[in-house]
Amino acid sequence: MNSGYWSPKLSAMSLNIRYKLSLAFLLTTAITVGGMFVFFQWSFNHGFMNYIQSQELREVGDLVDELQSIYASEGSWQSMDGNGLRWQQLHMQVMPSYFGDMSPPPHPRRPPPSRRGPHRPPEPPPEHSGGKSLSGRLTLLNKEKRPLIGRFSGSENMAMQPLVVNGETVGYLAINPLPVLDDDLAVGFVKEQSQTFAIISIATFILALAIALPLAWQLVRPIRKLTEATSQLTSGNFKIRIDIEQRDELGQLSADFNRLAATLEANEHARNRWMADISHELRTPLAVLKGQIEAIQDGIRSASPENMRILHSKIQQLSRLIDDLYELSLSDAGALSYCKSDISLEKTLRSIIEDFEIPFEQKDICLSSNLQLSEDKLVYADEARLNQLFSNLLTNSLRYTDSGGQLKIAARCEARTAIITLADSAPGVASADIPHLFERLYRADSSRSRETGGAGLGLSICQNIVTAHEGSISATPSTLGGLEISIFLPLSQRIKW
């Protein structure tokens, strides 16, 4: 596309939204999968080491029982404190699988306890016990957790088995943690689980990639349709519509776009019709004026008072049309001035009715009113514009109602709304024409002459005036055989002092 947001220049400068969505999905998946891999790896290693420690605590159960028996019989750990030979013999006695057929070493001379001191480090076990085997990682602690015999690492991850005699904790058997796993089976198991986690993470990422691209395309497809349709709309193609395939936010956006396109298309038709109607309205009186003046110039007609009256009436018709167009344009632009105040609707209506009594009487039309309004029923309005509103409506009835007919004006209040109705007698308006009565330059009877029918702008001006007063206006068939206009105006909420 050469215009709009999808221009080649813009595509070269930034990524397509499809790839942006795909990258967002993949980045989120990568962070999630990576975090899960690290967490699972840590959790598994931590849990596996806890499992090994719990297994080792089970294996030293006989040693725990023997140590508790020694303390119960001797009442202290004096015989075990720093005595590496007895510590080794005890291991060989209760844990022979860790020593095999190895014979016990000779009894070493043990220094007197008084020379060694209470804080002297315990003797290390014999070298053959090793630093990674279970026997080489055992340490006997007293109840204050001071090491008595064995290799004590002081690690926080040490497993401790309390030694309890007669319900009292007299010491602990501690197991130093393994620095690394040295068992081939355990190492292989950990390695296999790590590889499995890595394979699952990679497979998850590949699956996310396979899902992200089609999903991003599915999300972007209606956006691309909207972009292309918008480009055509800005080019003047108001007939463009989008097929709604989804019922989500994008589907709602497509529906709103279709309504916008339909509104613009209707406005375009109205504008074209408006221009044609304006040209037609101006052409007719101008043609009559031109014909009359040329006839007078050619001597076909004389400049008699009657011919001058015809010319004057056409000029008045043009003047009214131009005034109505100007006033309607001001109303549409919101430029009409409104000086609102609290006024009595009953007084305004009575004043207008009195002004039209003589014209209606001259045309033999019965004008009657039933105003059920009190003087305290006020409306916040511009009195001059209300006079214009009711004058236009009474003028329409006077112009269209047949002689011998009637016009009934009624007014009442319901809740906080004033309702004014104007119902006249025949001729009526076809039901198909009623919805269009407030359109500009619309005539229910196109054959009616301009002198009688006017330009068709009066009701449009009335509608704008009512809307400016936060009210509404509608038209329905009258029970008298003509047309009934209903006006709804909100009563003032202000307090009259």
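Reader: Ground rules before we start?
Author: It's a predicted model, where local features need pLDDT of at least 70, side-chain atom pairs count only at pLDDT 80 or more, and totals for chains, interfaces and linings use all residues. Residues are numbered from 1 along each chain as its sequence is written, and side-chain values use heavy atoms, with hydrogens and water left out.

Reader: How many helices and strands in the protein chain?
Author: The protein chain has 12 helices and 11 strands. Those are DSSP runs numbered from the N terminus: helices are H or I with at least four residues, strands are E with at least two.

Reader: And what share of the residues is buried?
Author: Of the 497 residues in the protein chain, 36% are buried. Buried means under 20% relative accessible area, exposed means over 50%, and partly exposed is in between, with a 1.4 Å probe and protein chains only.

Reader: OK, the four-strand sheet. What's the strand order?
Author: It's an open sheet, ordered S2-S1-S4-S3, with antiparallel pairing. Two strands pair if DSSP finds at least two bridges between them.

Reader: Which strands are at the edges?
Author: S2 (147-150) and S3 (159-165). Each has a single partner strand, so one side of each is left without a neighbour in the sheet. On average, neighbouring strands are turned by 25° against each other, direction ignored. Axes are lines fitted to C-alpha atoms, for helices over the stretch in contact, and angles run from 0 to 180 degrees between N-to-C directions.

Reader: How many bridges join S1 to S2?
Author: Three, with S1 covering residues 138-142 and the two strands running antiparallel. Leu140, for instance, has Ile149 in S2 as its bridge partner.

Reader: Which helices sit on that sheet?
Author: Helix H3 (residues 61-74) packs on the sheet and touches S1, S3 and S4 (168-175), with its direction at about 40° to that of S3. Helix H4 (residues 84-94) lies across S1, S2 and S4, at about 120° to S1.

Reader: Switching to electrostatics. How many salt bridges?
Author: Eight, where a salt bridge is a side-chain nitrogen of Lys or Arg within 4 Å of a carboxyl oxygen of Asp or Glu.

Reader: Which residues make up a salt-bridge network?
Author: Lys239, Arg241 and Glu265 are linked in one. Lys239 to Glu265 is 3.2 Å between the closest N and O atoms, and Arg241 to Glu265 is 2.7 Å. Arg241 is in the loop between H6 and H7, and Glu265 is in helix H7, 24 residues apart.

Reader: Is Glu265 buried or exposed?
Author: Buried, at 16% relative accessibility. Lys239 is exposed at 60%, and Arg241 is partly exposed at 35%.

Reader: Now H10. What's its span?
Author: Helix H10 (residues 383-400) has 18 residues and reaches 26 Å from its first C-alpha to its last, close to the expected 26 Å. The expected span is 1.5 Å times one less than the number of residues.

Reader: What caps its N-terminal end?
Author: Asp382, with a side-chain oxygen 3.0 Å from the backbone nitrogen of Ala384.

Reader: Last one: how are S10 and S11 joined?
Author: By a hairpin through three residues. S10 (residues 472-477) and S11 (residues 481-490) pair antiparallel over six bridges, and Pro477 stands opposite Leu483 in S11.

Key:
Contact means heavy atoms within 4.5 Å. A polar contact is a pair of N or O atoms within 3.5 Å; within protein, one must be able to donate a hydrogen and the other to accept it, and residues adjacent in sequence count only if both atoms are side-chain atoms.
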